[in-house]
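Colleague: Please take a close look at one part of this model, the packing of its aromatic rings. Give me the cut-offs as you go.

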Amino acid sequence: EIDAVLPARSTDAAIIYELLARRTEANHLDGWLPEFQAAIAAWKNGEFANARARFSEVARVLPSDQLAQLYIARCDRFLTRPPPPDWNGVWPYSDG
């Protein structure tokens, strides 16, 4: 799972997944996947500073990873302008 977004004109979140590798080819994931999963968990829990630090570590290991950069920007946004108290970890799709 890489994201949960709320598409325009929808009331149900869409969960987005990314196929990373075939099970037999997954050895290269060990270096960053646990950190990415921890970052996603921190994000969903509203721990934006922790999530940002973890996504930054993923970006350090995988400099071309655009998803980590996207989450870093989202964390920065929420660190300066927190989401509403009832935020549920879902990003409104129209916000990018």
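Modeller: Tyr-71 counts as buried, at 1% relative accessibility. Buried means under 20% relative accessible area, with a 1.4 Å probe and protein chains only. This is a predicted model: local features need pLDDT of at least 70, side-chain atom pairs count only at pLDDT 80 or more, and totals for chains, interfaces and linings use all residues. Residues are numbered from 1 along each chain as its sequence is written, and side-chain values use heavy atoms, with hydrogens and water left out.

The charged end of Arg-74 sits over the ring of Tyr-71, 5.2 Å from the ring centre. For that, CZ of Arg or NZ of Lys must be within 6 Å of the ring centre and within 35 degrees of the ring normal.

The structure holds nine aromatic pairs. Rings of Phe, Tyr and Trp (its six-membered ring) pair if their centres lie within 6.5 Å; planes under 30 degrees apart count as stacked, over 60 as edge-to-face and the rest as tilted. Phe-55 and Tyr-71 are stacked, because their ring centres are 4.6 Å apart and their planes lie at 5°. Phe-55 lies in helix H2 (residues 48-61) and Tyr-71 in helix H3 (residues 66-80), so the pair ties together parts 16 residues apart in sequence. Helices here are DSSP runs (H or I, at least four residues), numbered from the N terminus. Phe-55 is buried, with 0% relative accessible area.

Phe-78 and Trp-87 form an edge-to-face pair: centres 5.4 Å apart, planes at 80°. Phe-78 is buried at 9%, and Trp-87 is buried at 17%.

Notes: Helix = DSSP H or I, 4+ residues; strand = E, 2+ residues; numbered from the N terminus. Buried < 20%, exposed > 50% of the residue type's maximum accessible area, 1.4 Å probe, protein only.
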